[in-house]
Amino acid sequence: MKAEIIVSGSELLLGQSIDTNGPWIARQLSEIGIDCHFKSTVGDNLNNMATTLARAFSRADIILCTGGLGPTQDDITREAVAKALDLPLIYDETLAEVIREKFRQRNRTMSDNNLRQAFYPEGADILEAFPGTAPGIHLQYEGKHLFLMPGVPAEMKVMMEQDVIPYLLTLLPDVERIYTKTLRCWGKGESDISALLSEINDELDHLPNPKLSFLASGIEGIQVRFSAKTHSESAAMALIEPFAQRAKTLLGDLCFGEDQMSMESVVADLLNEKQLTLGLYESFSEGMISSRLNEKSDREHYFKGAWIESRYQDLSVEAYKTKLYYIQSLSHADLVATVHGEKVGQNMKLTLLLQHHDRLHEKEMVIPYFNHQATVSFSVINLLNMVRLYLLDALDQQQ
């Protein structure tokens, strides 16, 4: 079955917002074995939206559309479906009452505009998952399936996971799905990691399953992804695991985790395992390290806190070292760490500092400067990786 994704919103075409819904939906479809052949982005224009929908119905079996289901005048997806398929819009008073009740439960006053959301094309059904005030819609039309979902990512994902994916699986009872195992790496570039695994990659080039791919994911590390298309996860893992284990041996300490593991959660687990605590001084990194540690790990006792100051102080590396001694005495943390950044021409010189009691570890690196946020992200994962390697007694091996 062929699928098409439509994301609507003029803000996407104006560059005021970035589409995250389309790629996320595409991944979900891929995982259940449905091929996405087309993806369209369309602004808030009734004629353009209707034309896009009509074209999707002419070439796809499944159409998944996000955006344009709100209460305002530029939310025209329902009207566009009606125009594209020559269907009347039906007002559902029961649905209108559900929407009113949602506003009452949230102690909010509902404007009459919200009743626009109680209209849907004749013959359509309302999705059961209903996290916001905009209902999702499923329309089966001439053997094709159309799903309309809100553009708010959190609401869309609930509908996809609870209603859309389970329904699509009923259309494909014996489908082969794509299963993956991901090794997350840091310490060398994507090309270096690819070269380390070239022998495995060459072998897999001559096999139908599994396949190997590489993806640089910024602060989330470099992904080494094995994938196999089979009828069951166990069958896929039986194909993948021998190659994944060989890859882990070749990668050594470059591999910091698997699948959904983050560098932050790995560092937290190691600190907890060794019963050590961590404190931070953040100026150049602007609080990003402590924020991510709190977000990505549910460990409670290893993190003693961070001292965050403005990056515009322009302190020297030596001043950062002095700050570490101060943070250690203030927080009573076993390890304290920081990263210093200094612009040098078109590059950024990073100095990573890690202190454990009276011993200070220092590492310098020079990277191209693209923008401040990207540089900070790069510095954060490198500092956390330094902490990880130190806890594994492997710091000198990657210096």
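Leaving aside neighbours within four places in sequence, Phe226 is in contact with Tyr179, Thr180, Lys181, Leu183, Ile200, Leu204, Lys211, Leu212, Ile240, Phe243, Ala244 and Ala247, contact meaning heavy atoms within 4.5 Å. The model is a predicted one, in which local features need pLDDT of at least 70 and side-chain atom pairs count only at pLDDT 80 or more, while totals for chains, interfaces and linings use all residues. Residues are numbered from 1 along each chain as its sequence is written, and side-chain values use heavy atoms, with hydrogens and water left out.

Phe226 also turns up in the largest nonpolar core: of its 69 residues, Val224 and Phe226 touch the most other members. (A nonpolar core is a set of buried Ala, Val, Leu, Ile, Met, Phe, Trp, Tyr and Cys residues joined through side-chain atoms within 4.5 Å; buried means under 20% relative accessible area, exposed over 50%, and partly exposed in between, with a 1.4 Å probe and protein chains only.) Helix 13 (residues 372–391) gives the most to this core, namely ten residues. Helices (H or I, at least four residues) and strands (E, at least two) are DSSP runs numbered from the N terminus. At least three residues of this core come from each of domain 2 (177–258) and domain 3 (263–397). A second, separate core has 31 residues, among them Ala56, Leu69, Met110 and Leu146.

Four strands make up an open, antiparallel sheet in the order 10-11-9-12; two strands pair if DSSP finds at least two bridges between them. Strand 10 (211–216) and strand 12 (255–258) are at the edges with a single partner strand each, so one side of each has no neighbour in the sheet. From one strand to the next, the twist averages 25°. Six bridges link strand 10 to strand 11 (residues 222–230) in the antiparallel sense, and Ser213 stands opposite Arg225 in strand 11. Helix 9 (residues 233–251) lies across strand 9 (177–185), strand 11 and strand 12, at about 15° to strand 9. (Axes are lines fitted to C-alpha atoms, for helices over the stretch in contact, and angles run from 0 to 180 degrees between N-to-C directions.)

Another open sheet has six strands in the order 2-1-3-8-7-6, with mixed pairing. Its edge strands, strand 2 (35–42) and strand 6 (125–126), each pair on one side only. Strand 3 (residues 62–66) and strand 8 (residues 144–149) are parallel and share five bridges, with Ile63 opposite Leu146 in strand 8. Helix 3 (residues 46–59) packs on the sheet, touching strand 1, strand 2, strand 3, strand 7 (137–141) and strand 8, and its direction makes about 170° with that of strand 1.

Finally, strand 16 (residues 347–356) and strand 17 (residues 359–368) run antiparallel, joined by ten bridges. Leu350 stands opposite Met365 in strand 17. Two residues lie between the strands of this hairpin, where His357 takes a positive phi near 55°. His361, in strand 17, is buried, with a relative accessible area of 10%. Not counting residues up to four places away in sequence, His361 touches Leu352, Leu353, Leu354, Met386, Tyr390 and Leu395.

Note on methods. Domains from an automatic or database assignment.
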